[in-house]
Amino acid sequence: MGCVKQKEKNGKTVGSLTRFKRRGRAEGTMSIHIVALGSECPGGVGSGEEAAGQGQVQGSLLWSYLGHGARELDPTSTTPSRHPLNPAFMEYQSRVFGDVRVMVRDCPSWDLLDSDWASVRSVLEQADIVVIKYSVNDKIAFQQVRNGYAPRLRPLLRHWGMPVILVAVGARLNDEGPPCTCPLCASDWSSCVPHGEGLQLSRDLGATYLELPSLNNFFVGRYFGSVLEYFMIQCLKQKAKERPDKRRGHRLNEPRPPHLDQPARLPPVRVEESSFSQDLQWLLERGVQFADVVFYAGDSGKELGWAHAAVLCAISPYFRQLLVGRQAWERPMSRCACRERDGPHSLLSTWDGGLDDLPRPDGHLPGPLSRLVVKDSLLCLCLWETLMFLYRGAWEWEYLEEAIAEKLKNPLAVAQLMDRIRSFVGREKTPRDTPTPRSQQGPQTLANLFNSPLYSDVIFMVQGNVLPAHRAVLVARCDVMAAMFSGKYAEARSRVVPIHGVSSDTFLAFLEYLYTDTCCPASVLQAMAVLVCAEMYQVKRLQHLCEVCVCAYLQSMPSRELASTSISVIRLLRRAKCHNADQLYVWLLHFIANNYLIFSHKPDFLELSEEEREQVERLRWPSRGYLQELSEYQQRRRQLRKSRCSIM
């Protein structure tokens, strides 16, 4: 064919065609299925005076390309025939590239597709290339294709991923002179299909767009033939890859290597959901013993509730302004804390009313108390809901508004109180308060109290280092700390608490988790040290986070680093079992088994118990059976090589 002859000047194309010919002779004839839809003639009329049917197909684009360019036209298919399953398609075939069979199924009329859409889908599914044709002088038919058939074809073509060619055939008519071949000519847009609309349709279908002024040899062979042959070559390459590879030198008696299975997946290490907000809620509800702030109603003097200054100052800038500085019990007279803020309402005030006249709950620890007077009537009614909102992290705005609305039953009062609560947390008024994810807002509320002397009421002495802390936070987050500070222990009455058996860095990381709900150890050894500290104080979630960190660090090590590292995984296994880290213990057993060839050569491998060694041997990778098969395979290869050398 003319186009193929021109392409044969390129060495790469000639090499590709030669390979396809050789592969076709060796593995059977390869074929390409092309489905053509639509008519390139205005009104469905064929070229010249040929009517629809076979004459129309013989004057069509693909028939012209195959008839003029194919080197070997199949003599049995000189006249197209109807498709046996779907009569809407005319079927004919030819040969290209020497020995590649091209099967074409052409449907010149779009209306025929409506008769049996299911069979049309089956024909399209078998196609390797889809060609869609239309006449630029038949705008009504084009609009029908664009609005009616393109939306049905688009999901199918995108799902199957086949190449699509959209061809616009014909010269746009011009009443003032000869036909215009310029694609940008706007003189005939009322009756012809503009270039932009055809290009937009090709983008919607993911197709390659072509415009052919006529169906002569030049346009069909040079333009359309080049694009079609490119897609045919790509299809042949893809089919060649999908065929099973036939090795030239393969012999029946050649030994095959044993199959090596993938190592078993390591067991997951699970971590509980964060209970940070629930812990602070428990502190507000039941931690009155450690409260140091009491609220009173401004009009009646009735006690409204207790709270904790450290938590309030950490969450709310308003309370930080109210309580930070000179302690509330050192102020000689009353002072309104909100007089410097914008707005006509005075919300809270604090004064020294004497320490002895303040009644304390049963079991309340001795210490200074701050008394706050609530001067706003709405805040007096909803103080408990406001404190609960602040203690849970000040992010559940929708739940707060629902609770206040249920209690006040007045939308105007609800809006006023919501504005005042926004002033507590320093939040500007927004059209709609959307809750911030707990992972971003809740655990960060106490971050500025970590290792800070602000309202600190306990000091830990660890290896000579001073670590300030707050009893309220420790009691809410750790059960052992709650028992230690609320019972009849020396720590409950002492401000300085010594800590033994733990390094200062480890205990500081432990305190950081209590305040921020996060744990980021810098190494495997530090993660194990924090794990031991978490097990000592019975903080299960921190223990599981440390297990995840140890697993992540070990799993990220390459094989060379595992073989040369000074970290003993066997001793990590012993410590995990000793400190009740069950998930880490099971994970390390599987990790040793998956890296059996590395750890079995280390001296500490002998420290495994008999039960542990049996489990590692059962889970080991590669297995003993594979190593035995590999040894037999290598022995057969050596024997076969010797026999070949002796014959030569």
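I began with Arg477, which forms a salt bridge with Asp279, the closest N and O atoms being 2.8 Å apart; by salt bridge I mean a side-chain nitrogen of Lys or Arg within 4 Å of a carboxyl oxygen of Asp or Glu. I noted that this pair links distant parts of the chain, with Arg477 in helix α17 (residues 471-477) and Asp279 in helix α9 (residues 276-286), 198 residues apart; helices here are DSSP runs of H or I with at least four residues, strands are runs of E with at least two, and both are numbered from the N terminus.

For the record, this is a predicted model, in which local features need pLDDT of at least 70 and side-chain atom pairs count only at pLDDT 80 or more, while totals for chains, interfaces and linings use all residues. Residues are numbered from 1 along each chain as its sequence is written, and side-chain values use heavy atoms, with hydrogens and water left out.

I then looked up accessibility, taking buried as under 20% relative accessible area, exposed as over 50% and partly exposed as in between, with a 1.4 Å probe and protein chains only. Arg477, at 7%, counts as buried, and Asp279 is buried at 15%. I also found that Asp279 and Arg477 are linked with Asp517 and Arg541 in a network of salt bridges.

My search of the whole structure for such pairs returned 15 salt bridges, and I followed up two further ones. Arg422 pairs with Asp419, the closest N and O atoms being 2.5 Å apart, and both residues lie in helix α15 (residues 411-425), three residues apart, about one turn of the helix.

In the salt bridge of Glu617 with Arg620, the closest N and O atoms are 3.5 Å apart; Glu617 counts as partly exposed at 23% and Arg620 as buried at 9%.

Last, I checked a helix pair. The axes of α25 (residues 582-594) and α27 (residues 610-619) come within 8 Å and cross at roughly 55°, the axes being lines fitted to C-alpha atoms over the stretch in contact, with angles from 0 to 180 degrees between N-to-C directions. The contact, meaning heavy atoms within 4.5 Å, is made by Tyr585, Leu589, His590, Ile592, Ala593 and Asn594 of α25 and by Glu612, Gln615, Val616 and Leu619 of α27.
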